[in-house]
Amino acid sequence: MFIGHYAVGFASKKLAPQTSLAWFLAGATLLDLLFPLFVLLGWESARFVPAQSPFLRISLDNYPWTHSLLMAVVWSVAFALLCWAVTRARWAALVAGAAVFSHWILDFLTHRPDLPLWPGSTARVGLGLWYSSAGTLVVEGLLFVAGVWIYATTTKARDGVGRWALVGLVAFLALSYVGDFLSSAQPDARVFAWVGLVLGWVMVWWAWWIDAHREVRSEG
Ligand SMILES: [Zn+2]
């Protein structure tokens, strides 16, 4: 899953409005922020294979340190502690930790059975929504629209940056998603990892920039 993770990040803002969107977007995408790094370090691997559906082009052969169920729990706790140490906001830290764990749940829904339960486990799980391109587009698209809508109505722009940087990020994510869907490219794993790593962290910075130019909408 790709933009569905961003949807969770956007929506989380409503649960803890005083904390920057950047924490929640980083949380919801954390496993995919670490994955390309671990690929470049040689700890995990992925490769591109010819496939009928664009979502099945990537073969996730080995990613137990970022995407096993056990490690998803570990990363969730670690990220919640980091968030709490930096922000001192206990509830927001719990929300950020839950966002990390939501990543595994959404990947479980979409991936083929390639998610290990723990590093070294031979059992692989995944419900395989990716086998249906239409199903994936509908589920992920609806999640994304709902997440953005929740964020856009929980906060309001303080200036032009607050408005247009948000529009820009949403457009960028949506176009990347559609572009990726339409593309049949099979990039080298290292190129894929570098692009994923840089873009992933740019998105976190972008979210921080947006959020610094928006404020919580007061009720009524
Ligand atoms: Zn993932």
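I'm working from a predicted model here.

**Entry 1, H1 against H7.** I looked up how helix H1 (residues 3–12) packs on helix H7 (residues 133–154) and got an angle of about 25°, with the axes 7 Å apart. By that cut-off, H1 and H7 are therefore roughly parallel to each other. The crossing of H1 past H7 comes out left-handed. I sorted them by type and found ten nonpolar, two polar and one charged.

Next I went for the largest nonpolar core, which has 52 residues. Phe10, Leu60, Phe79, Phe144, Leu169, Leu173 and Ile210 have the most contacts inside it. I checked which helix gives the most to this core: that's H3 (residues 30–40), with eight residues.

I picked Leu169 and listed what it touches, skipping residues up to four places away in sequence: Phe10, Leu25, Met203, Trp206 and Ile210.

Leu173 was next, and I found it in helix H8 (residues 160–182). Is Leu173 buried or exposed? Its relative accessibility is 1%, so it counts as buried. With neighbours within four places left aside, Leu173 is in contact with Phe2, Ile3, Tyr6, Phe10, Phe144 and Met203. I also checked Leu173 against Phe2: they are 171 residues apart in sequence, yet 9.0 Å apart in space, C-alpha to C-alpha.

Key. Residues are numbered from 1 along each chain as its sequence is written. This is a predicted model: local features need pLDDT of at least 70, side-chain atom pairs count only at pLDDT 80 or more; totals for chains, interfaces and linings use all residues. Side-chain values use heavy atoms; hydrogens and water are left out. A nonpolar core is a set of buried Ala, Val, Leu, Ile, Met, Phe, Trp, Tyr and Cys residues joined through side-chain atoms within 4.5 Å. Buried means under 20% relative accessible area, exposed over 50%, partly exposed in between (1.4 Å probe, protein chains only). Helices (H or I, at least four residues) and strands (E, at least two) are DSSP runs, numbered from the N terminus. Contact means heavy atoms within 4.5 Å. Axes are lines fitted to C-alpha atoms, for helices over the stretch in contact, and angles run from 0 to 180 degrees between N-to-C directions. Angles under 35 degrees count as roughly parallel, over 145 as roughly antiparallel, 65 to 115 as roughly perpendicular and the rest as oblique. A crossing is left-handed if the near helix is turned anticlockwise from the far one by less than a right angle, and right-handed if clockwise. Ala, Val, Leu, Ile, Met, Phe, Trp, Tyr, Cys and Pro count as nonpolar, Asp, Glu, Lys and Arg as charged, and the others, Gly among them, as polar.
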